Amino acid sequence: MIYADNAATTKASPLVKQVVLDTMDQFWGNPSSLHSSGQAAAEALYQARVDVAACIHAKPEEIYFTSGGSESDNQAITSAAYVGKLRGKHHIITTPIEHHAVLHTVEKLAKEGFEVTYLPIDASGIVKVEDVAAAIRPETALVTVMYANNEIGAIQPIAEIGALCRENKVTFHTDAVQAVGHIPVNVDADHIDMLSLSGHKFHGPKGVGALYVRKGIPLLSFIEGGAQERGRRAGTENLPAILGMAAGLKDTCQHMTDHMAYVSSLRDALIEGLSAIPHAALNGDRSRRLPGNVNFCFEGIEGESLLLLLDDKGVAASSGSACTSGSLDPSHVLLAIGRPHEVAHGSLRLTLDHENTMDDVNHILASVREVVDYLREISPVWRELQKGERNYVIH
Ligand SMILES: *Cc1c(COP(=O)(O)O)cnc(C)c1O
């Protein structure tokens, strides 16, 4: 099986697995306990905080461990909104292409009375800094824009948006779940106030993540209990997962430059090969793009049949995001970049990683060509297109 769905999740690396096991053996004490077993666990936990912080150029005291990207997004956004409200600010700026952990949190806040501005997105999937500038008002409590999109891989101008927010004294959060461990992220250079990351997107364990919160930015707690995570997130720390995530992140950050060059070369070969299929279109910007992300629409084809047939050929891919495939809704991201409904249904996302090879790419290319040909052969829509009874959307 060729795994090309690394944006949905990644396989834990051997190093991560070893650290998880070793942690259960060596650091099973409760980090809040005063005896030596507890203190050894507390020291290991602190080292994990140092390692995670180092990868994004933060300080260890600015890292809060959570259960993953979704929790980090929920806490950051809800906290920033409520803190803003206390200061008479009730306006939130975001984009229509965020992950549902962001979109649904913002929708919940809108029901509570917050006003939300969704920034315009162009066909390449990238936010314009001028649009952010135009949307900021004196009552803006928060700007939340994802670092890189999970479906189309578009990398946003985060440093520019961050600088703008800093200038206007607006809190800036970014969902960097797809970016951290894959492309360089620097919370200082990028002027980020709050950032979400998740362990299982960079070969760490699932169910663990972190929230970075710049010193001086208040953070409200939504899980009450003990004083863990400096009183901002109660519950005995998930040490095996946290240490596993920290080890995975440290490892991935050390190899980032090499991995970026290698994975981008695989991506480019795949994009080039798929572009040769007639009436196929790349979704997302060609160059401002995550190293491993490939996302195509094929006219006259339904995404789900494409995935099932690719699975038969030993290729694990995805259509839209993992959360929406399985439902018949077209991707909200593809609709936002202007793909019509019928085309947004026929998308294919292939997300590569340093464990993939050029042989994988060649096998994927041959499989996709074959499957697309087959599905078009049996597609009534394709027949109508060919007979000129219907117009092509993708030329
Ligand atoms: C995966 C993902 C999340 C959710 O992270 P979990 O750890 O699975 O909760 C949030 N945002 C983006 C962009 C993601 O890709």
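This report looks at one pair of packed helices, the disulfide between them, and the confidence of the model.

## Confidence in the model

What you have here is a predicted model. Its mean pLDDT is 95, with 98% of the residues at 70 or more. Treat residues 321-326 separately: there pLDDT stays under 50, and the model has 10 contacts beyond four places in sequence for this stretch.

## How H2 and H7 pack

Let's turn to two helices, H2 (residues 36-55) and H7 (residues 239-254). They pack at an angle of about 35°, and their axes are 9 Å apart. The crossing of H2 and H7 is left-handed.

On the H2 side, the contact is made by Ala41, Ala44, Leu45, Ala48, Asp51, Val52 and Cys55. H7 contributes Leu239, Ile242, Leu243, Ala246, Leu249, Lys250 and Cys253.

## The disulfide between the helices

Two of the contact residues, Cys55 of H2 and Cys253 of H7, are also joined by a disulfide, with an S to S distance of 1.7 Å. The count for the model is 1 disulfide. Because Cys55 lies in H2 and Cys253 in H7, the pair ties together parts that are 198 residues apart in sequence. The torsion about the S-S bond is about -45°, so the disulfide is left-handed.

Definitions and conventions:
Residues numbered from 1 in each chain as written. Predicted model: local features only at pLDDT ≥ 70, side-chain atom pairs only at ≥ 80, totals over all residues. Heavy atoms only, no water. Axes fitted to C-alpha atoms, helices over the stretch in contact; angles between N-to-C directions. Helix = DSSP H or I, 4+ residues; strand = E, 2+ residues; numbered from the N terminus. Left-handed = near helix turned anticlockwise from the far one by under 90°. Contact = heavy atoms within 4.5 Å. pLDDT = per-residue confidence, 0-100. Disulfide = S-S within 2.5 Å.
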